[in-house]
Amino acid sequence: MRRGRSARRRARELALQGLYQWLVGGQDAAAIEGDLIESEGREGADDLGKKADLSHYRELLHGTIDGADELRRQFAPYLDRSVDALSPIEHGILLIGTYEMQQRLEIPYRVVINEAVELAKSFGGTDGFKYVNGVLDKVAGQLRPAEVAARARMIILNYPNNPTAATGATGLKS
């Protein structure tokens, strides 16, 4: 394991591995979880609990599998191909990212997208991270419009040559 990886990131990696097993092999969430514990062994499982946020892993794994149809409906309009044509890695990452955007509102949408991009860079194809980024950016606009709009306003107001920021025409303090 690389240094500096957070317990949440490790949880996302494990969830992606589990989703891969589900998408490719058709295993259910309980079997996937059992395989993880078995593969780590007793001592390894205890160590894994120190390196990964296992409750977040379980939430992601079960939440994405249980809600997969609804999650796919959220991101499918932004795909340039059918959901079935996605690689299992991209598919799993989009499920995780969409789930976190929909269910974990305390995680900023930019963090969700960044974590998904990092997963795609680590596990996906050469340019898969660009695709994941583009799709999840559109999903964010759909699921978190106020948060996306607030970020856009902050970017505009902080742009160095923005006349709106200088005049305060938006009513927001600059």
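Trainee: Which residues line the largest cavity?

Mentor: The lining of the largest cavity consists of R12, I93, I96, G97, E100, V112, E115, A116 and L119. A residue belongs to a lining if it has an atom within 4 Å of a point of the cavity, which is a set of points on a 1 Å grid over the protein atoms alone where a 1.4 Å probe fits but cannot get out. Two elements, α5 (88–103) and α6 (109–123), each give two or more residues to this lining. This is a predicted model, in which local features need pLDDT of at least 70 and side-chain atom pairs count only at pLDDT 80 or more, while totals for chains, interfaces and linings use all residues. Residues are numbered from 1 along each chain as its sequence is written, and side-chain values use heavy atoms, with hydrogens and water left out.

Trainee: How many cavities of 30 Å³ or more are there, and how much space lies in the largest cavity?

Mentor: There is 1 cavity of 30 Å³ or more, and the largest cavity holds about 30 Å³ of space. The volume is the space filled by probe spheres set on the points, with grid points joined across faces, edges and corners.

Trainee: How do the residues of this lining divide into nonpolar, polar and charged?

Mentor: The division is 5 nonpolar, 1 polar and 3 charged. Ala, Val, Leu, Ile, Met, Phe, Trp, Tyr, Cys and Pro count as nonpolar, Asp, Glu, Lys and Arg as charged, and the others, Gly among them, as polar.

Trainee: Why is V112 called buried?

Mentor: Buried means under 20% relative accessible area, exposed over 50%, and partly exposed in between, with a 1.4 Å probe and protein chains only. V112 has 0% relative accessibility and therefore counts as buried. V112 lies in helix α6; helices are DSSP runs (H or I, at least four residues), as strands are (E, at least two), numbered from the N terminus. Beyond its neighbours within four places in sequence, V112 is in contact (heavy atoms within 4.5 Å) with G97, E100, M101 and I107.

Trainee: What makes E115 and L119 count as buried?

Mentor: The relative accessibility of E115 is 11%, so E115 is buried; that of L119 is 3%, so L119 is buried as well. E115 is found in helix α6, and L119 lies in helix α6. Setting aside residues up to four places away in sequence, E115 touches R9 and R12. With its neighbours within four places likewise set aside, L119 contacts R12, E13, L16, I93 and G124. L119 and R12 are 107 residues apart along the chain, yet their C-alpha atoms are separated by 7.9 Å.

Trainee: How do you know that W22 is buried?

Mentor: W22 has a relative accessible area of 19%, and therefore it is buried. W22 has its place in helix α1. Apart from neighbours within four places in sequence, its contacts are Q27, I32, I65, A68, R72 and L95.

Trainee: Which residues of helix α4 are buried, and why are they said to be on the same side?

Mentor: In α4 (residues 68–75), the buried residues are A68, L71, R72, Q74 and F75. They lie on the same side because they cover an arc of only 155° around the axis, the arc being that of the directions from the helix axis to the C-beta atoms. D69 and R73, on the other side of α4, are exposed. The buried residues of α4 pack against α1 (7–25), α3 (54–66), α5 and α7.

Trainee: Why does V135 count as buried?

Mentor: V135 counts as buried because its relative accessibility is 2%. V135 lies in helix α7 (residues 128–143). Among residues outside four places in sequence, V135 is in contact with F75, Y78, L79 and L94.

Trainee: How many helices and strands does the protein have, and what percentage of its residues count as buried?

Mentor: The protein has 9 helices and 0 strands, and 40% of its 174 residues count as buried. Of the contacts between residues at least 6 apart in sequence, 70% join residues at least 24 apart. The protein exposes about 9500 Å², with carbon and sulfur atoms supplying 51% of it. Such accessible areas come from the Shrake-Rupley method with a 1.4 Å probe; for residues, only the protein chains shown count as cover.

Notes
1 Å grid on protein atoms, 1.4 Å probe; cavity = no way out; pocket = protein on both sides within 12 Å on 5 of 7 lines; lining within 4 Å.
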